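Okay everyone, thanks for coming. Let me put the structure up, and then I'll walk you through it piece by piece.

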Amino acid sequence: MALFTFIFFFSLLFLLSISPANAQSFIGVNYGLVADNLPSPSDAAKLLQSTSIKKVRLYGADPTIIKSLAGTGVGIVIGVANGDLPSLASDLNVASQWISTNVLPFYPASDIILINVGNEALEAVSLGGKIKVSTVHAMTVLGQSDPPSAGSFAPGYQAGLKGILQFLSETGSPFVINPYPFFAYLGDQRAETLSFCLFQPNPGRVDSNTGIKYMNMFDAQVDAVHSALKSMGFENVEVVVAETGWPTSGDSNVVGPSVENAKTYNGNLIAHLRSMVGTPLRPGKPIDTYIFALFDENLKPGPSFERSFGLFKPDLSMAYDIGLTKTSSSGSQTSQSPPMGKSTTSVGWCVPKEDATEEQLQASLDWVCGHGIDCGPITPGGVCFDPNNVKSHTAYAMNLYFQKSPENPTDCDFSQTARITSDNPSYNNCVYPRAGWSRDESLGGALNKYVTSDKATETNGSECSSFLSLPLFIVIFFFVLPVSHHMNF
């Protein structure tokens, strides 16, 4: 019982239903209620059904919301107030009663995928074989995160974590965290840091131990946790992200919150998840992720950005379009776009500008190939691998990205290092696709600019002297103090 008492005092317990075969199943959203202008639960349920969101995390166990989600196919994560935790942890009868009140009346019509009682209590009501439980942790549980391969848990937490990690390993349950690149940017407001946090083209940051180049903060934060788990002997424990997001507005003295940045972060995060690329230390393994949040919460205390994380407004309209709605016209490609520059004609192929540096091209190449684009043709053995140089490979990758939405010329910008050309850059068996293009079209003058026999000098990008420290914030995850789930004060 000591282990379960520890778990109850420090975390929510998750029941997770993971279906890797469904490319959308790992995208969830947090549904907070600290507001006086939210739509009705039934309207919120209809909204969720109109999206590709498959899971919702609540900070309580509101029966009206749970019932409203019955039959929708949306998985529900429920929580327990702080004041209830000690009795639930110490008395199985109380825990069983909690389940009888908050779970059994709704399950399985409402697909509850989180409950916060020990598994002994679940066994008592015959649900034990159907769930997994885990703990949610602040990123401050890490004592070191720079570089990601050196990630380790803070010494003061290691003794207590050992028992929890053993429990997670034995039950096949995940280790759950709340990474917020937004807070990392608040600590270092350089332009390259913003690009790194927003999944935009950037020089990348090289892990000095492994040589791995990280192209975004999210992967760096998650892999630091993977490394910490490995350092404790639990590298096979899965990592799940309970919260991450970006605010649309904030106080005038806070740099970073904006609709554009929120759209870029969440849109690119979703594209990253949908690509199934995983992280550098866990390639090819999708990460169950819950975005914060479904709605703005106008009664949350603290800085004004705390009230501005919503994907949707209280009137059910989108705060910005990142392709989550099933009828979305823009899709996620707009959110994936590189930094916007001057628009140009959207006819033809996307290729690098003549004055683009090799470092800029390498950064764009790494970014595109890390965002779900099939870069197989420019890998060894691929039909476009030769000539083996950065400019040729980047030209192919840039164009492939652009052709996903050729009506959007800003997708051929890449921090103003690319342009649209009417000259077909295809050569031999290497075909540069273009909407409406026939293979019989003649090859244009752009060909000689990218097809050369010169070998490009390898570049590792610009290596930072150190990674940003992960967000320093203490997390209280329960219904009593909902604002502090991602505060760094």
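So, the salt bridges. Before anything else, keep in mind that this is a predicted model. A search of the whole structure turns up seven salt bridges, and I've picked a few to talk about.

Start with Asp 188 and Arg 190. Their closest N and O atoms are 2.8 Å apart. Are these two buried or exposed? Well, Asp 188 has 14% relative accessibility, so with the cut-off for buried at under 20%, Asp 188 counts as buried. Arg 190, on the other hand, sits at 36%, so Arg 190 counts as partly exposed.

Next one: Asp 366 with Lys 213, where the closest N and O atoms are 3.5 Å apart.

Okay, let's zoom out to the whole protein. The chain has 489 residues, and 55% of them count as buried. For secondary structure, you get 15 helices and 16 strands. If you take the contacts with a separation of 6 or more, 72% of them are between residues 24 or more positions apart. And the accessible surface is about 18,900 Å², with 52% of that belonging to carbon and sulfur atoms.

What about the inside? The largest nonpolar core has 106 residues, and the ones with the most contacts inside that core are Ile 78, Phe 153, Phe 175 and Trp 246. There's also a second, separate core of seven residues, and Val 176, Val 240, Ala 242 and Tyr 290 are among them.

What does its side chain reach? The backbone nitrogen of Glu 243, at 3.3 Å.

Now for the rings. The count comes to 18 aromatic pairs. Take Trp 367 and Phe 414: they're edge-to-face, 6.5 Å centre to centre, with 80° between the planes. Trp 367 is in helix α13 and Phe 414 is in the loop between α14 and β16, so the pair ties together parts that are 47 residues apart in sequence. Both of these residues are buried.

Here's another pair, Tyr 396 and Tyr 432. Why is this one called edge-to-face? The centres are 5.4 Å apart and the planes are at 85°, and edge-to-face takes an angle over 60, so the pair qualifies. Tyr 396 belongs to helix α14, while Tyr 432 is in the loop between β16 and α15 (447–450), so that's a link across 36 residues. Both tyrosines are buried. And there's one aromatic cluster too, whose members include Tyr 180, Phe 199, Trp 246 and Phe 309. You've met Trp 246 already, in the largest core.

Ala 293 is in the loop between β14 (289–292) and α12 (333–336). Another cis bond joins Asp 386 and Pro 387, with omega about 0°, and Pro 387 is in the loop between α13 and α14 (390–402).

Which residues have a positive phi although they aren't glycine? Leu 316 is one of them, at about 80°. Leu 316 is in the loop between β14 and α12, and at 28% relative accessibility it counts as partly exposed. Phe 414, from our ring pair, has a positive phi of about 50°. At 1% relative accessibility, Phe 414 counts as buried.

How values were computed:
Residues are numbered from 1 along each chain as its sequence is written. This is a predicted model: local features need pLDDT of at least 70, side-chain atom pairs count only at pLDDT 80 or more; totals for chains, interfaces and linings use all residues. Side-chain values use heavy atoms; hydrogens and water are left out. Helices (H or I, at least four residues) and strands (E, at least two) are DSSP runs, numbered from the N terminus. Buried means under 20% relative accessible area, exposed over 50%, partly exposed in between (1.4 Å probe, protein chains only). Contact means heavy atoms within 4.5 Å. Accessible areas come from the Shrake-Rupley method with a 1.4 Å probe; for residues, only the protein chains shown count as cover. A salt bridge is a side-chain nitrogen of Lys or Arg within 4 Å of a carboxyl oxygen of Asp or Glu. A nonpolar core is a set of buried Ala, Val, Leu, Ile, Met, Phe, Trp, Tyr and Cys residues joined through side-chain atoms within 4.5 Å. A polar contact is a pair of N or O atoms within 3.5 Å; within protein, one must be able to donate a hydrogen and the other to accept it, and residues adjacent in sequence count only if both atoms are side-chain atoms. Rings of Phe, Tyr and Trp (its six-membered ring) pair if their centres lie within 6.5 Å; planes under 30 degrees apart count as stacked, over 60 as edge-to-face and the rest as tilted.
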